[in-house]
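Subject: Structure handover

Hello,

Here is the structure I promised to pass on. My notes follow below it.

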Amino acid sequence: MITTIFFDMDGVLIDSEPYWQIAEREVFMELYNIHLTDHDIHTSTGLKTTEVVEMHCKNYKITAYDKEAVGFKIEQSVIAQVLMYGKAKEGLYEVVEWVRRHQIRPYLVTSSSHYVLENIVRFLDLQDFFIHTFSAYDEKLGKPDPAVYLSAIDFSNTPIEDILVIEDS
């Protein structure tokens with residue numbers, strides 16, 4: 001019996017992937033005069049922003065960079081776009097009501113940083129929905145490494161057979 005749901009954020013609660021793509025391209029062009037390819041962007045989907053920066057810098061042989069600063073610049077661009085153009089995924093609020101009605105315990109599990117997580121949850125007005133939120137920034141590795149999910153499982157104290165994961169990547 002499902003008693004707990006782990007929601008991913010980007011691509012599940014909000015269609016933010018286009019904003020991430022724009023932000024990555026803009027920041028790498030602005031800072032390094034590098035045009036990221038569609039392959040570069042596709043390869044980075046779902047990673048922590050710091051991992052994205054490291055990957056692109058390694059691929060383009062950029063040696064002098066601050067992954068946190070560059071990552072935060074990308075994140076600021078994403079949030080600015082979300083605030084201007086973002087909208088909840090179709091059906092999100094109906095799912096939220098269904099989860100509440102069935103007294104299922106919701107958690108947010110994302111590769112995004114706390115900055116992005118907090119801003120998007122606030123934008124979607126879901127601050128009071130999730131029991132707890134988990135960011136891969138609290139782990140050594142981001143998704144697809146399972147560490148952030150393992151932390152959520154431990155915290156929720158729920159048998160894995162009673163957990164439903166809603167994930168897009």
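Asn33 sits in the loop between α1 and α2 (38–44). Please bear in mind that this is a predicted model. The phi of Asn33 is near 55°, a positive value in a residue other than glycine. Is Asn33 buried or exposed? Asn33 is exposed, at a relative accessible area of 64%.

Asn157 is the next residue to look at. Its phi is positive too, about 55°, although Asn157 is not a glycine. You will find Asn157 in the loop between α7 and β4 (163–166). Asn157 counts as exposed, with 68% relative accessibility.

The bond from Lys143 to Pro144 is cis. Its omega is near 15°. Pro144 belongs to the loop between β3 (132–135) and α7 (147–156).

Now the helix packing. Helix α1 covers residues 17–32, and helix α4 covers residues 67–85. How far apart are the axes of α1 and α4, and at what angle do the helices pack? The axes are 9 Å apart, and the angle is about 135°. That angle makes α1 oblique to α4. The crossing of α1 and α4 is right-handed.

Which residues make the contact? On the α1 side they are Tyr19, Trp20, Ile22, Ala23, Glu24, Glu26, Val27, Phe28, Glu30, Leu31 and Tyr32. On the α4 side they are Val70, Lys73, Ile74, Glu75, Ser77, Val78, Gln81, Val82 and Tyr85. By class, the contact of α1 with α4 has 13 nonpolar, five charged and two polar residues.

Ile74 of α4 is part of that contact. Setting aside neighbours within four places in sequence, Ile74 touches Trp20, Ala23, Glu24, Val27, Phe28, Thr49 and Val53.

Ile74 also leads on to the cores. The largest nonpolar core has 35 residues. Phe7, Leu13, Ile74 and Leu126 have the most contacts inside this core. Which elements each supply at least two residues of the core? They are β1 (4–7), α1, α3 (49–59), α4, α5 (92–101) and α6 (114–123).

Best wishes

Notes:
Residues numbered from 1 in each chain as written. Predicted model: local features only at pLDDT ≥ 70, side-chain atom pairs only at ≥ 80, totals over all residues. Heavy atoms only, no water. Axes fitted to C-alpha atoms, helices over the stretch in contact; angles between N-to-C directions. Helix = DSSP H or I, 4+ residues; strand = E, 2+ residues; numbered from the N terminus. Parallel < 35°, antiparallel > 145°, perpendicular 65-115°, else oblique. Left-handed = near helix turned anticlockwise from the far one by under 90°. Contact = heavy atoms within 4.5 Å. Nonpolar A, V, L, I, M, F, W, Y, C, P; charged D, E, K, R; others polar. Buried < 20%, exposed > 50% of the residue type's maximum accessible area, 1.4 Å probe, protein only. Core = buried A, V, L, I, M, F, W, Y, C linked by side-chain atoms within 4.5 Å.
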